[in-house]
Amino acid sequence: MTPLLKSFSALSDGTRMAIVEQLMEHGELPAGDLVRGSGITAPAISRHLKVLREAGLVAQRADGTRRLYSARPEGLKLIADWTISRQSFWQSSLDRLEAALKEEME
């Protein structure tokens with residue numbers, strides 16, 4: 001599986017997407033902070049973090065006995081670059097849709 005596909009696959013899960021969103025919004029966080037208020041058990045969060053680490057979307061570092069997690073801009077850049085490279089496709093598609101709707105309204 002390519003790195004881009006791994007990224008999309010990892011983010012296709014709502015919980016993992018929420019974890020990445022949290023890390024992007026709040027910066028580096030311990031796993032315990034990700035568990036609190038999520039309604040998900042610590043082992044489940046741990047499994048989700050492993051998938052995100054393996055996809056290159058999240059980094060982990062040790063701080064004593066704690067494990068701190070952060071979003072990896074490099075991993076997220078893959079998705080941003082892919083999206084931007086498809087911008088002309090989406091823009092031309094939206095332009096065609098707009099023209100078709102105008103024609104239908106006349």
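Trainee: Okay, how many helices and strands does the chain have?

Mentor: Bearing in mind that this is a predicted model, the chain has six helices and three strands, and read from the N terminus these elements follow the order α-α-β-α-α-β-β-α-α.

Trainee: Is the chain a compact globule or more spread out?

Mentor: The chain is more spread out than a compact globule, because its radius of gyration is 19 Å, well over the 13 Å that the globule rule gives for 106 residues. The box filled by the C-alpha atoms, taken along the principal axes, is roughly 65 × 30 × 25 Å.

Trainee: And what share of the residues is buried?

Mentor: Of the 106 residues in the chain, 25% are buried. The chain exposes about 7300 Å², and carbon and sulfur atoms supply 57% of that area.

Trainee: What about contacts, how much comes from residues 24 or more positions apart?

Mentor: Among the contacts with a separation of 6 or more, residues 24 or more positions apart account for 55%.

Trainee: Switching to charges, how far apart are the mean positions of the positive and negative ones?

Mentor: The chain has 14 positive and 14 negative charges, and their mean positions are 13 Å apart.

Trainee: Let's zoom in on α1. Which of its residues are buried?

Mentor: Helix α1 spans residues 3–11, and S7, A10 and L11 are buried in it. These residues cover an arc of only 90° around the axis, which puts them on the same side of α1.

Trainee: What covers the buried residues of α1?

Mentor: The cover includes α2 (14–26), α4 (42–54) and α5 (73–85).

Trainee: Now a strand residue: where is Y69, and is Y69 buried or exposed?

Mentor: Y69 is found in strand β3, which takes in residues 66–71, and with a relative accessible area of 7% Y69 is buried.

Trainee: Which residues does Y69 touch?

Mentor: Not counting residues up to four places away in sequence, Y69 touches L23, G27, E28, L29, A31, L49, R53, V58, A59 and Q60. As for L94, that residue is 25 residues from Y69 in sequence and 38 Å from Y69 in space, C-alpha to C-alpha.

Note on methods. Residues numbered from 1 in each chain as written. Predicted model: local features only at pLDDT ≥ 70, side-chain atom pairs only at ≥ 80, totals over all residues. Heavy atoms only, no water. Helix = DSSP H or I, 4+ residues; strand = E, 2+ residues; numbered from the N terminus. Rg over C-alpha atoms; globule rule 2.2 N^0.38 Å. Buried < 20%, exposed > 50% of the residue type's maximum accessible area, 1.4 Å probe, protein only. Contact = heavy atoms within 4.5 Å. Areas by Shrake-Rupley, 256 points an atom, 1.4 Å probe, with all protein chains shown as cover. Lys, Arg positive; Asp, Glu negative; His and termini not counted. Charge placed at Lys NZ, Arg CZ, Asp CG, Glu CD. Arc of directions from axis to C-beta.
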